Amino acid sequence: MISFILMVVASLFISGIIVRTKSVTSGRKGPCIMQPMKDIVRLWKKGSVYSNTTSWVFRIAPTIYFSSILMAMSMLPLGESPGLFSFNGDFVFFAYVLATGKFFNIIAALDTGSSFEGMGASREALFSMLAEPAFFILMGSLGLLTGFTSFNSIFQALHFGSYITYALGIIATFILLMLTMIENSRMPIDDPKTHLELTMIHEVMILDNSGFDLGLIFQATNLKFALYGTLIVNMFLGNLPLYATIPLFLAIQILFGISIGLIESFMARYRMSHNAQFILILSSLSILVLFSVLMLLGKFNS
Amino acid sequence: MNPITLFLFVVLIALVTIPFLGEKQKRALLLFSELFIVVFSSTYAIEALIGTTTSYLLLGSIITGTVPIVIDPLAAWFILIINFTFLTGAVYGANYMKAYREKKSQLSLHWVSFLLTHIGLLAVCMVQNMLVFLLVWEIMAISSFVMVIFESEKPKTIKAGINYLIQSHIGILVLTIAFAWVYVQTNSFSFNAIGTFAHTMPAPESFGLMLLFFIGFAFKAGFVPFHTWLPYAHPAAPAHVSGIMSGVLIKIGIYGILRMLFLMPTNYVAIGVVILVISVITGVYGVMLAIVQHNLKTLLAYHSIENIGIIGIGIGVGSLGMGLGNFPMAVIGFAGALLHTLNHSLFKSLLFYGAGNVYQATHSVNIESFGGLIKRMPQTAFLFLIASLAISGLPPFNGFISEFLIYSGLINGWIHGTFIYVLLFVFAVFGLSLIGGLAILCFTKAFGTIFLGSPRHTFDHEPHESHRMALIPMYAIVALIIVIGIFPVYFVQALWLPIQQFTGNMPSGDMLAVSASLSVVQQIGFASLVFIALTGVVWLVRKQLTKKQVITCGETWGCGYVAPNPKIQYTASSFVRTYRKLSESVLQFHKHKKEISGIFPDEAYHAIHPLDRVETYLIGAPLKRMRYWLNRFSFLQNGSLQFYILYGLVFIMILVAIPFFGYLYHFMVHLLNTL
């Protein structure tokens, strides 16, 4: 429960921090940290325009996308307090429930009958699906290390005994950071601030959304940032008590936002045709984690 | 009279009467006899799943010996799956076939073979005598062949049918060799002899036997590289037949593998590794080829191959668990495989029925020619969407439950395994997650281009929603899909006895671990329910908040372009173009194109056809070589009658001469001896 609330809190300011960091590095003052959230609230109050081509799929998709992310959030623990749902293998449910939301997002884009949105949908579908193995192998390796298969028990037992596991945490953080960038269509994969539809992924998928639905999608993206941030937080917390986890959580989320801002400021977008290779490479990083775990456990000789 | 004779007698009467009835009575009799078969066999099956195994001993003949008919829990599970799909298939098919009502004789043949296939499938599950097993297997194979070639006036259909017939007979040949081997060693046709064989023969030989069985059944199930008949046969058959073939006919191969695994519990580890590796390859290869198909039914056929791969991964996990003595892993693996068998039969038949509705409305199966059908066929679109979500393994539907079980089996093995098994399971998890991701790509493509957007093609008749009777069986399937997704625990409990056939009585410590790992599905069901409820709540909140807002309708935003037309939409091929470019290193494509050139360009075109590399190399190339070699004997078949009479004469002379050769031989021997 506590992690759920904290994630909602973090989602309020995280994209503000990203925007602010990007402004500062480019020498501008930048908007208030709460500005993106204010934009979303403004969208929630606005009326909508729907295309005549669209059907009920288009109207229901943002809702399902949003609720899929809420559902995924409810599985994440924080420190010693477990998520709302916690069972063995819950990370499989986590990944698949996010995929359900994505499925609807993609078909909603196809529902508009626009060539641009179809293009975005095609890219989003391929890129985020190629990223799936990396997440599974990462979580599986941590499961192998700890002997557990649910988020809560894995994270609690992760740093039991050895400090080397923090090194694993760092590789895992890198993988998760890159997954965040892929899932949210951010810089090395996609440039959200580009002005050419042909080079967009996520932004071009939601061209036809407006009003409340657009607000929902934006807020879902913020929540997704907080979601992956929380995964990273958990890589380092272990089973600390609440009074220590809450400040650490907020600190790491802020740091997470700043690092995304920095990545976005100093990295160029990859060529669209090279993205797929890059994403599959992430799986090899996960395999690196796996081999480190095998080495730690001394399984090579067994 | 024992129940089996009674049963066969009633069915025989139905089979004989069908050809003499009018079109309507025929349908009524078919539905009635289907209902009879279903109720009759399901009663025994449900009893078996609860705990009372039914068995009869038919006398048989001098050749076959006694024929044991056994309905044990494993058979019962498959019987129930078969019955449900055949019931929906009969109701759907009765309506589907109205379009062909002038082909009277063909319809009779079709329905007779429909019933025969059902009986054959049920018999395959029950019969435990090798010779009779081959007999009923053959009945099933041939009657399903007759169903496939319903539209026999199309050359493509006949070609697909013959392909299926030949390949299923190669499978039967392999099975016959395997059974003959057992018979030679044990001198018995009973299935128990297979167990005796496994226990008395050295390990490599029983492994070889199991491998033979696996290959024989893999032809039916469609494991790569034995899958090549599937993508031809499914699109050629009428929709309900495709649904049944993909839903249950190929599953009988899975049944065979499981049955043999149960009878030969000796080489669990080795065969588990083989099955696991082949299944991962099957799954990934199936979905990779599915994505690039343009023909809706071929696409679904390749997805059947993918799902057979997923089921196979479950079986591999299960048998590795048995071999390594890890009971929780074994139970989860077999449970995942058996549940996925049921799940796949549900959503795949639903998808084929949906494809049938689309075909009857538009007379096309080319994905590129559809678009915007959701406005014209809203119910079919909804049903197809649910099936797409379920087959992609997404919660809150049934596909996720079985995939989850298989995942947890793999991860369980991964955590407890030694180095080499860790690598194996990582390979399988990588494959399974890739399959899941690519399935989503494939079904967003299929659903998106068929039902969404605006129409890409004007059809002669405006497409309209299918008949009520076509939709009712589909709704029944959807209901079951959702029930399994939300209350999976009841279905997993029903699987308990079939799984126990494999594991036997477990130590109580393992028992606890097993029930703990199976109880997870209850929590998943709950989480799925919460997910649905949460979506409902968000929807209500959205509705409440947007009540007073102004909603306007307009054209799709064209990024400043003001004259968009349907041709400008993203097509299915362009949707998967990036993927196709990536996959070109593995898959094979046949491209023809003529580029635009010159000042006054004439017509230009560009066509891409995906080919099956396995088929090209494994079947195409040897056939070509064989034809080349056999062509050298073509002088024998020169078309002149005199020569043919001569061949006959020579043949008869050789026949007559055979005893003479014997005499000659003896004479020579005698001569040599005297010398």
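Which residues of α11(B) are buried? Select K251(B), I252(B), G253(B), I254(B), Y255(B), G256(B), I257(B), L258(B), R259(B), M260(B), L261(B) and L263(B); buried means under 20% relative accessible area, with a 1.4 Å probe and protein chains only. Because 12 of the 13 residues of α11(B) are buried, this helix is largely enclosed by the rest of the structure.

This is a predicted model, in which local features need pLDDT of at least 70 and side-chain atom pairs count only at pLDDT 80 or more, while totals for chains, interfaces and linings use all residues. Residues are numbered from 1 along each chain as its sequence is written, chains are lettered from A in the order in which they are written, and side-chain values use heavy atoms, without hydrogens and water.

Next, display chain B together with chain A: 75 residues of chain B are in contact (heavy atoms within 4.5 Å) with 79 residues of chain A. The two chains bury about 6600 Å² between them, 75% of it on carbon and sulfur atoms; this is the accessible area (1.4 Å probe) lost on being put together, summed over both. Select F419(B), R542(B) and Y570(B), which supply 9% of the area that chain B buries against chain A, more than any other three residues.

Then centre on R542(B), which forms a salt bridge with D213(A), the closest N and O atoms being 2.7 Å apart. The rule (a side-chain nitrogen of Lys or Arg within 4 Å of a carboxyl oxygen of Asp or Glu) finds one salt bridge across this interface.

Definitions and conventions. Buried < 20%, exposed > 50% of the residue type's maximum accessible area, 1.4 Å probe, protein only. Helix = DSSP H or I, 4+ residues; strand = E, 2+ residues; numbered from the N terminus.
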